[in-house]
Every structure is written in structure tokens, then in C-alpha cells.
Amino acid sequence: MDLPVTKQRPSQPATRSNPALRGEAFAANCAICVRNLNHTFGEGELKKQVLFNNELTLARGEIVIMTGPSGSGKTTLLTLLGALRTVQDGSITIMGRELRGLSAQQLGDVRRDIGFIFQAHNLFTSLTAHQNVRMALELKETDVKEMNRRAEAMLEAVGLGHRIHYKPQQLSGGQRQRVAIARALVHNPKVILADEPTAALDKQSGRDVVNLLRKFARENLTTILLVTHDNRILDVADRIVNMVDGRIISDVMISESQAICEFLRRVPLFSGLLPDTLTKVADQMELVECKAGDVVFRQGDVGDNFYLIRSGEAEVVLEKSTGNETVAVLDEGKFFGEMALETGEPRKATVRAKTDLHLCALDKTEYESVRQTSATFKEEIGKVLFERQR
Ligand SMILES: Nc1ncnc2c1ncn2[C@@H]1O[C@H](COP(=O)(O)OP(=O)(O)OP(=O)(O)O)[C@@H](O)[C@H]1O
Ligand SMILES: [Mg+2]
């Protein structure tokens, strides 16, 4: 059977590779465009400026993370972008529409095209998950049957098909957050604003939440601005902007290799590598995406790559004349495929994606050079080989 996996390095939208396009012509066509934005709270002696001369541009389909110290102005900026506050000074355009000077009713219209996800998810406790999600459709849709169908489909999509009639207090924190996400996405917004959406979640639920957002954004060309302190999810973004004391002070593009680098840093296998080597290894790595059920390699194949799991689960299956036997399930940070590279023998087992799977693949030559460079790498591989050969 052929390998139905796809190798890809996501290409950058043309708008990002050409800084000239970040000018006015681009602004007219971008999803979020902030120019010279100031904001002040209070009156008289209590008057306090909290945002200063901010400039920010998000292309359609772009995912940007905003970080920064507490009190630096992130939520204030988000509420301005979400038409939840009136723009006092400067300009904000959302999908080409200038917010400054809009009436309360016009601001309400803008809000309908935005999906909001906040840390305190603001679900109505007396309503079921289904009713909470459906509410977001009631602003636009009138066909009750259609609303019910879409709310149900969205809850299915976030993995809560079996909980649609539960009320918030009968759901876990992660499940509630997924209801809030379903509510934010159900009306197909072109822009999503998220404030600390993973703060109350454990590592896995947090990862599930961002994967869900990323999948939605990629499929629907939705723009996402996500405020977070959670450095475990930085790799979901195309860019990171940093806000300090009311000013956006940096705006960094995350290349795929930087994101892989961030990931490798957290994997013990690579912890012995110097930063330069780590960057080089990350540059050499190919991203491999598999759907649940895909075969990564088959028992008996020639070994050409070493694989590290970036997200998802893989199962290792021994194919015997008496039937197949799953001998291990590997998850994020675990690796496989080293044995055939070490011994030169064919693959000893089949590896299959148990869930959707993101892998980083290192070819034989690169694998060999990392092995030569890092004692930790050699030692960790040695330990695992010993375990797996027993
Ligand atoms: N409604 C308000 N009235 C007066 N001052 C406010 C109001 N909301 C926020 N501020 C002040 O504006 C500043 C920025 O607050 P903001 O909530 O935007 O920060 P933040 O970056 O989101 O912080 P955190 O990471 O803690 O959520 C703070 O000094 C805060 O005290
Ligand atoms: Mg905040």
C-alpha cells in the first residue's frame, strides 16, 4: 500500500513575503488593520492612557498570538477590535470596515461577524450546550431547524456530540471551553478574537483547543488574534506580537523551522544540542501530516527517516502470520523509526496514525550527524533501542 501521507511546509501568503504590500493598498484588503490607535480610561485626575500609537495588520487567514505582561493593554485592544468599545483616537478596520465613528447599532452589526472566546467563557448556566451554541445563530438565522442542525454539527465537530443537552455545570472545564469555541465558530465568523482561551485548561485540553482553532482557520480562511501567556501553544501561530505598557513593541514572524525549534527544545532527546545545532536540525526536518488510520511506514520497508511526534498518537503494529499485534502507542514528544537507521535492516514493524498525526521527519544523513554531535541524543536513542529490542 502507498503511503497516503503528505509532506508540506506551509507556504507564506504573498502579502507576508512582500513588506511593500503592508501599505495602504494592503490595509484595504486585510482582515484587521489598526493605525495609530490610542485609548484612555477615566476622566479628570483619574484619566489614564493605556494604549499608545499602536499599529497592527493581520492578513486574512493569519493566526497571530499576542503576549505581554499583565496590565499591558491586551484585553483593551481586543475589546476595541471586537467593537465592544468605541474607538477614541486612531483607526481600526475589520474586514475593510472602519469602526471609528460607528453608531451603537452599527457596532452591533460588526460584532456579528466576529467570534469571541474569552477565558471566563460566559456560557449561560441555565441553557444546555446546544442552546448556548444556537444563541450565536439567532442573531442572523431565522430557520429554527437549520439553527438546530448547525449548532448540533458544530458541537459534533468539537467532540461534544454526546453532550449536547448537558448544562455547563455538568461539563468539565475543557468541555465548557469547547462549547464556548463552538459558539464562537458556529456562525462562520471571518475574524476570531480569543482572550486566554487555554488558561484554565490542562496541557492536552489546551492543545486540543488550539488545534481546533487552527483547523477551522485553515479551512475557512479565518483570521485569529489570540491573547495568551501559554508558551505551550506558541507554535500554532504564524506571528507573535508583544505588547508592553500599551505599545506593541515587537511583531515576529514564526517560520515553520522556528516553531519546530520551540518544540524540539521541550523534547528530552534534543536537550543536549546547542542552540545553533538545534536550529539546523529544525531546518532539516520535514513536516509530515497523517490522517487517523494512515500508514507512516510498513514492516519490511527500507528505513529512510527518523520520526518525532509533534502532536497526535501513533501505534506500532507487528504483522505476524497469526494476525496483527499492537505493541505500543506513542504520543507527543516520542519518536520512532530509529532502529532501521541504526541497524540498516528493514522496518521491524508497521507504524500507523492512531489519531490525526503531525510528525517531524529527519532523513538518514541528518539523523547520523545529530547522533554524532550529541551525547544526550545517542544515550537516549541507546536506551530506547535497548527497551524495544527486548
Ligand atoms: N474599564 C477600565 N477602567 C479603567 N481602567 C481600566 C479598565 N480596563 C482596564 N483598565 C486598565 O488598563 C490597563 C490595561 O488593562 P488590560 O485589561 O487591557 O490589560 P491586559 O494586558 O489584558 O492584562 P492581563 O494580562 O492581566 O489580562 C490596566 O492598567 C488596567 O488597570
Ligand atoms: Mg487581559
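## Helices H9 and H10

In this predicted model, helix H10 covers residues 275–284. The axes of H9 and H10 come within 8 Å. They cross at roughly 120 degrees. H9 and H10 are therefore oblique to each other. An angle counts as roughly perpendicular only from 65 to 115 degrees, and as roughly antiparallel only over 145. The crossing of H9 past H10 is right-handed.

Which residues in H9 and H10 meet? From H9 come Ser257, Ile260, Cys261, Leu264 and Arg265. From H10 come Leu278, Thr279, Val281, Ala282 and Asp283. Sorted by class, this contact has 6 nonpolar, 2 polar and 2 charged residues.

## Two domains

The domain assignment of the protein chain gives domain 1 as 8–260 and domain 2 as 267–389. Their centres, taken over C-alpha atoms, are separated by 36 Å. How many residues of each domain are in contact with the other? Domain 1 has 7 residues in contact with 7 residues of domain 2.

Now take the side of domain 1 that touches domain 2. H8 and H9 (256–265) each supply at least two residues of this side. H9 gives the most, with 3 residues. By class, this side has 1 nonpolar, 3 polar and 3 charged residues.

## Helices H7 and H8

H8 has another partner to look at. Helix H7 spans residues 173–185, and helix H8 spans residues 203–220. Their axes come within 10 Å. The crossing angle is roughly 15 degrees. Angles under 35 degrees count as roughly parallel, so H7 and H8 are roughly parallel to each other. Their crossing is right-handed.

H7 brings Gly174, Gln177, Arg178, Ile181 and Leu185 to the contact. These meet Ser205, Val209, Leu212, Leu213 and Phe216 in H8. The contact has 6 nonpolar, 3 polar and 1 charged residues.

## Helices H5 and H6

Helix H5 runs over residues 129–138, and helix H6 over residues 144–157. How do their axes cross? They come within 9 Å and cross at roughly 120 degrees. That angle makes H5 oblique to H6. H5 passes H6 in a right-handed crossing.

On the H5 side, the contact is made by Ala129, His130, Val133, Arg134, Leu137 and Glu138. On the H6 side are Met147, Asn148, Arg150, Ala151, Glu152, Met154 and Leu155. Split by class, the contact of H5 with H6 has 7 nonpolar, 2 polar and 4 charged residues.

## Around ligand 1

What surrounds ligand 1? Phe41, Gly42 and Val50 are part of its surroundings.

By class, the shell has 2 nonpolar, 8 polar and 1 charged residues.

Notes: Residues numbered from 1 in each chain as written. Chains lettered and ligands numbered in written order. Predicted model: local features only at pLDDT ≥ 70, side-chain atom pairs only at ≥ 80, totals over all residues. Near = placed C-beta within 6 Å. Nonpolar A, V, L, I, M, F, W, Y, C, P; charged D, E, K, R; others polar. Axes fitted to C-alpha atoms, helices over the stretch in contact; angles between N-to-C directions. Helix = DSSP H or I, 4+ residues; strand = E, 2+ residues; numbered from the N terminus. Left-handed = near helix turned anticlockwise from the far one by under 90°. Contact = placed C-beta atoms within 7 Å. Domains from an automatic or database assignment.
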